[in-house]
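Dear colleague,

Please find below the structure that I am handing over to you. My notes on its side-chain contacts follow it.

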Amino acid sequence: MNNLKKLFRMKKGDRELTLLALPSILYIFVFSYLTMFGVVIAFKNYRYDLGILGSEWVGFSNFRFFFISEKAFIVTRNTILYSLWFWVVTTIAALLVAILLNEISRRWSKYYQTIMFLPTFVSWVVVMFLVQMFLSHDYGFLNRFSESIGLDRIRWYLEASYWPSILTAAHLWKSIGFSALVYYAGIVAIDPSYYEAARMDGASRFQMARKITIPMLAPLIIILMIMAIGNMFRGDFGLHFFVPNNSPLLFNTTDIIDTFVYRTLSVSGDIPMATAVGLYQSAVGLVLVVAANYTVRKFSEENSLW
C-alpha cells in the first residue's frame, strides 16, 4: 500500500513515464517470471496425463542427452564463437557507421538511418529467400555471374567452408542498422564543446573520433558487451536455421545449440530435454553476466551495470 501511495505521489512526468513502461513491465512479468515455474520440467519425466506436479522426478537425467551427444561440443563451440564474432564485427561496423552519420547533415542522416534500419524488421524467412537468390546453384546471381566470366559454379549449400562468411554478412546486414542507431544516439548526446575545442586545437576528424567519440561511448559499449556476453549461449535461431536452408552437410559449421535442440525436439518430441538445455543456457548466461559485470566493476565501477 505504501508503494502504491508513493506511485501516485510521483511528479507528473515520472508518473507518465512509469505508466508508459507498464506494458513492458507486465510483459516481462507474465512471460519471464510467471513461467519460471516451468523449469521444473527439466528435472522430471514429464507426462501430459500427470501434469507438471504429478510427473516423476528424474534429477539431472534430462541433461545427459545433450552432454553425452557427439554434437554437444560442436554446437557449443559454434554458439560461443559465432556470438563473439558477431558482436565484435557488428560493434566495429556500427561504430564506424555511427561516426560517419555524425559527419553528415542531420537532414540526410535521417534518410540513411531509415534505410539501414529497415532490414531489422525483415523476417529471417524472407532473408532466406534473398540469400537463395544469390546462392542457388541453378538460378543464383553469383553462379550465373561466375559462369558468365568463365568460372565454375559453386554448390554453396554443399560447401561448409563458405558459411561462416555468409552468416556474418547476413547478420551484419540485418543488425547493423539498429546497432548504429544506438551508437549514433550516444554520439548525439556528447557535449559539442569537446569537438569545438578540438577543432580550435587543429585536431582532424579522425583524431576527434579516436580521442573524443570512442572514449565517450566506452560506457555504452561496455554495457552492450555485458549484455552480449549474457546471450553468448543463445545464438540467433532464425539466422542459423533458415539462412543455411537446414542443409545437413552444413550442420557442423552452422549448427548452434538452439537449432540442434529444435531439430532433436521435432524428431523425438522430448520436452523435458529441451527444457533442460534451455535452463542450462540461462544458467550459464546468468553466470557470464555476473562475471563480466564483476570484472568491469573491478576496473571501472562507474561503467558496470550494478
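How many salt bridges does the structure hold? It holds four, a salt bridge being a side-chain nitrogen of Lys or Arg within 4 Å of a carboxyl oxygen of Asp or Glu. Please note that this is a predicted model, in which local features need pLDDT of at least 70 and side-chain atom pairs count only at pLDDT 80 or more, while totals for chains, interfaces and linings use all residues. Residues are numbered from 1 along each chain as its sequence is written, and side-chain values use heavy atoms, with hydrogens and water left out.

**Salt bridges**

One of the salt bridges joins Asp 49 to Arg 47, at 2.5 Å from N to O. Asp 49 is exposed, with 56% relative accessibility, and Arg 47 is partly exposed at 40%. Here buried means under 20% relative accessible area, exposed over 50%, and partly exposed in between (1.4 Å probe, protein chains only).

Another links Glu 147 and Arg 153, whose closest N and O atoms are 2.8 Å apart. Glu 147 is partly exposed at 45%, and Arg 153 is partly exposed at 29%.

Asp 255 and Arg 263 also form a salt bridge, with 3.0 Å from N to O. Asp 255 is buried, at 3% relative accessibility, and Arg 263 is buried at 18%. The charged end of Arg 263 also sits over the ring of Phe 251, 3.8 Å from its centre; this term requires CZ of Arg or NZ of Lys within 6 Å of the ring centre and within 35 degrees of the ring normal.

**Aromatic pairs**

The whole structure contains 19 aromatic pairs. Rings of Phe, Tyr and Trp (its six-membered ring) pair if their centres lie within 6.5 Å; planes under 30 degrees apart count as stacked, over 60 as edge-to-face and the rest as tilted. Among them is the edge-to-face pair of Phe 67 and Tyr 280, with 5.1 Å between centres and 80 degrees between planes. Phe 67 belongs to helix α4 (residues 61-67) and Tyr 280 to helix α15 (residues 271-299), so this pair ties together parts that are 213 residues apart in sequence. Helices are DSSP runs (H or I, at least four residues), numbered from the N terminus. Phe 67 is partly exposed at 46%, whereas Tyr 280 is buried at 16%.

Finally, Phe 237, Phe 241, Phe 242 and Tyr 262 form one aromatic cluster.

Yours sincerely

Terms used:
Helix = DSSP H or I, 4+ residues; strand = E, 2+ residues; numbered from the N terminus.
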